Amino acid sequence: MNQQQAHLDAIQDIKKLMERSSKFSALSGFAGVVVGFFALLSIGISYNLLEISPFGQTSYLSVLAPNGIINTKIFNIIALNFGIVLLVSFLTAIWLSNKNAIKKGEQIWDHTSKRMMIHFLIPMFAGGIYCVILFIQNHIALIIPATILFYGLALLNASKYTHDDIKYLGVLMIILGLVASVYIDYALLIWAIGFGLLHILYGSFIYIKYEK
């Protein structure tokens with residue numbers, strides 16, 4: 001009986017080693033929570049700059065691009081706001097994931113994490129270029145839905161190299177991106193739901209399941 005148990009333990013150890021070599025398990029759930037709060041803060045600042053309510057009758061597009069002409073001053077401020085939050089969120093995620101990796105005795109930058117990052121960045125770069133094209137062609141209304149959609153595709157593409165639960169977040173983001181493409185006037189609010197609320201919920205779930 002003891003010998004059989006020893007064999008089972010050995011098999012479990014081998015399984016864990018194989019999963020560790022193919023999955024980046026140090027991804028921080030707490031980072032997702034922090035990024036979610038940053039996203040909500042960013043949206044709050046954006047609505048304040050636009051001087052409208054998320055649940056009001058006034059569309060953010062009617063303020064940002066009245067008569068189809070972009071208010072460049074407001075657009076640049078909002079774009080800077082989003083850019084700063086994106087940079088801070090990215091650096092925070094790396095810092096917290098690195099702390100989690102050290103805690104688990106893993107390396108944050110190994111072959112698996114490189115593959116995960118590559119599979120994540122390809123859709124993100126494609127989405128960034130697509131958003132620039134939308135801006136040049138004055139399709140401003142579709143930029144926010146596109147950011148949600150391509151971020152969901154990036155998560156789905158990278159999920160094979162990290163926690164499987166990430167793919168469900170990716171699918172939900174893709175759905176929200178498509179919904180935002182239809183309900184353009186509520187795209188900014190849908191962005192807050194995706195990048196803010198869903199990040200907080202999924203980050204908490206991953207933290208409780210894998211880290212706590």
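# Helix pairs and their labels

Q: Why are H6 and H8 called roughly parallel to each other?
A: The axes of H6 and helix H8 (residues 187-211) cross at roughly 30 degrees. Axes are lines fitted to C-alpha atoms, for helices over the stretch in contact, and angles run from 0 to 180 degrees between N-to-C directions. Under 35 degrees counts as roughly parallel, over 145 as roughly antiparallel, 65 to 115 as roughly perpendicular, and the rest as oblique. H6 and H8 are therefore roughly parallel.

Q: What kind of model is this?
A: It is a predicted model, where local features need pLDDT of at least 70 and side-chain atom pairs pLDDT 80 or more, while totals for chains, interfaces and linings use all residues. Residues are numbered from 1 along each chain as its sequence is written, and side-chain values use heavy atoms, without hydrogens and water.

Q: Which residues of H6 and H8 meet?
A: Ile144, Pro145, Thr147, Ile148 and Tyr151 of H6 meet Ala187, Leu188, Ile190, Trp191, Phe195 and His199 of H8. Contact means heavy atoms within 4.5 Å. By class, there are 9 nonpolar, 2 polar and no charged residues. Ala, Val, Leu, Ile, Met, Phe, Trp, Tyr, Cys and Pro count as nonpolar; Asp, Glu, Lys and Arg as charged; the others, Gly among them, as polar.

Q: What makes H5 and H6 roughly antiparallel?
A: Helix H5 (residues 111-136) and helix H6 (residues 143-158) have axes that cross at roughly 165 degrees and come within 8 Å. The cut-off is over 145. H5 and H6 are therefore roughly antiparallel.

Q: Is the crossing of H5 and H6 left-handed or right-handed?
A: It is right-handed. That means the near helix is turned clockwise from the far one by less than a right angle; anticlockwise is left-handed. H6 passes H8 in a left-handed crossing.

Q: Which residues of H4 are called buried?
A: Among them are Ile74, Ile78, Asn81 and Val85. Buried means under 20% relative accessible area, exposed over 50%, partly exposed in between (1.4 Å probe, protein chains only). The buried residues of H4 pack against H2 (29-50), H3 (60-64) and H8.

Q: How many helices and strands does the chain have?
A: It has 8 helices and 0 strands. Both are DSSP runs numbered from the N terminus: helices are H or I, at least four residues, and strands are E, at least two.
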